[in-house]
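Here's a quick look at a few local features, with the cut-offs spelled out as we go. Have the viewer open alongside.

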Amino acid sequence: MAMMRLDKFLGDMGIASRSELRQLIKSGRVRVDGLPVTAPDRRVDDEKSRVVLDGRELKYKKFRYYMMDKPPGVLSVTEDSRQKTVLDLLPEELRRMGLFPVGRLDKDTSGLLLLTNDGDLAHRVISPKSGIWKLYRAKVDGELGPEDVRAFEEGLTLGDGTKCLPAKLRLLPGGSCLVKVTEGKYHQVKRMLASRGAPVLELRRLAVGGLELDEKLGPGGLKELEKEELDRLFVQDALEI
């Protein structure tokens with residue numbers, strides 16, 4: 001439970017910009033506990049107060065969590081002056097919530113990307129200390145074999161001396177493979193496969209922890225995650241390969 005200004009309550013919900021919110025409230029479109037309120041600094045309880053805008057009751061959420069099927073060709077950053085970012089794909093209301101991508105997928109990599117305004121959760125997911133597996137499917141230009149599987153399991157050292165934690169590699173027909181890592185070093189999966197003579201042609205992230213990508217979303221598709229879905233993030237090694 002927390003007391004906050006009405007304009008902050010509405011702002012955190014992504015309803016409008018700060019200046020727009022003041023006008024919205026002053027125009028009498030907001031009711032708190034059944035009574036019209038025109039003062040932006042009116043204090044409300046984020047759990048107990050009943051806040052209604054234009055007849056629609058608003059339920060306050062401090063943190064938001066979304067899954068996106070990131071399409072190739074967009075950056076996993078909050079802003080860029082020259083190129084499109086994943087936040088540019090969001091509706092205006094969500095862009096006002098302070099969301100940011102949890103880690104990064106390369107520009108040409110597609111698949112599961114988490115967006116949130118919860119810094120603590122983002123840190124837990126990204127940190128190698130958490131041991132959370134990230135599962136990728138790669139199409140490669142080259143031949144991989146059992147010796148490459150063993151090399152991944154032992155932990156690769158890349159050409160520039162970068163040491164990678166033990167990872168998992170499963171070979172698939174048609175020049176494809178599955179890769180699981182607990183780290184997120186720069187272009188890591190691509191560099192690991194290239195070091196074994198199999199440059200990546202296409203890369204797609206399928207899961208984080210036990211949370212699998214909803215393939216029904218389609219490129220750029222988005223959905224808000226429920227608590228039970230968030231809990232799957234921290235199911236260790238839930239998806240065997």
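Valine 32 has leucine 35 in E3 as its bridge partner. Strand E2 covers residues 30-32 and pairs with E3 in the antiparallel sense over three bridges. For the bookkeeping, strands (E, at least two residues) and helices (H or I, at least four) are DSSP runs numbered from the N terminus, and two strands pair if DSSP finds at least two bridges between them.

Zooming out, the open sheet has four strands, ordered E3-E2-E5-E6, with antiparallel pairing. E3 (35-37) and E6 (56-58) are at the edges with a single partner strand each, so one side of each lacks a neighbour in the sheet. From one strand to the next, the twist averages 40 degrees (axes are lines fitted to C-alpha atoms, with angles from 0 to 180 degrees between N-to-C directions).

## Positive phi

Aspartate 33 lies in the loop between E2 and E3. Its phi is positive, about 55 degrees, although it is not a glycine. Aspartate 33 is partly exposed at 46% relative accessible area (buried is under 20%, exposed over 50%, partly exposed in between; 1.4 Å probe, protein chains only).

Histidine 187 is another non-glycine with positive phi, about 50 degrees. You'll find histidine 187 in the loop between strand E12 (176-181) and helix H6 (188-195).

## Charge over ring

The charged end of arginine 124 sits over the ring of phenylalanine 234, 3.8 Å from its centre (the test: NZ of Lys or CZ of Arg within 6 Å of the ring centre and within 35 degrees of the ring normal).

## Ground rules

This is a predicted model: local features need pLDDT of at least 70, side-chain atom pairs count only at pLDDT 80 or more, and totals for chains, interfaces and linings use all residues. Residues are numbered from 1 along each chain as its sequence is written, and side-chain values use heavy atoms, leaving out hydrogens and water.
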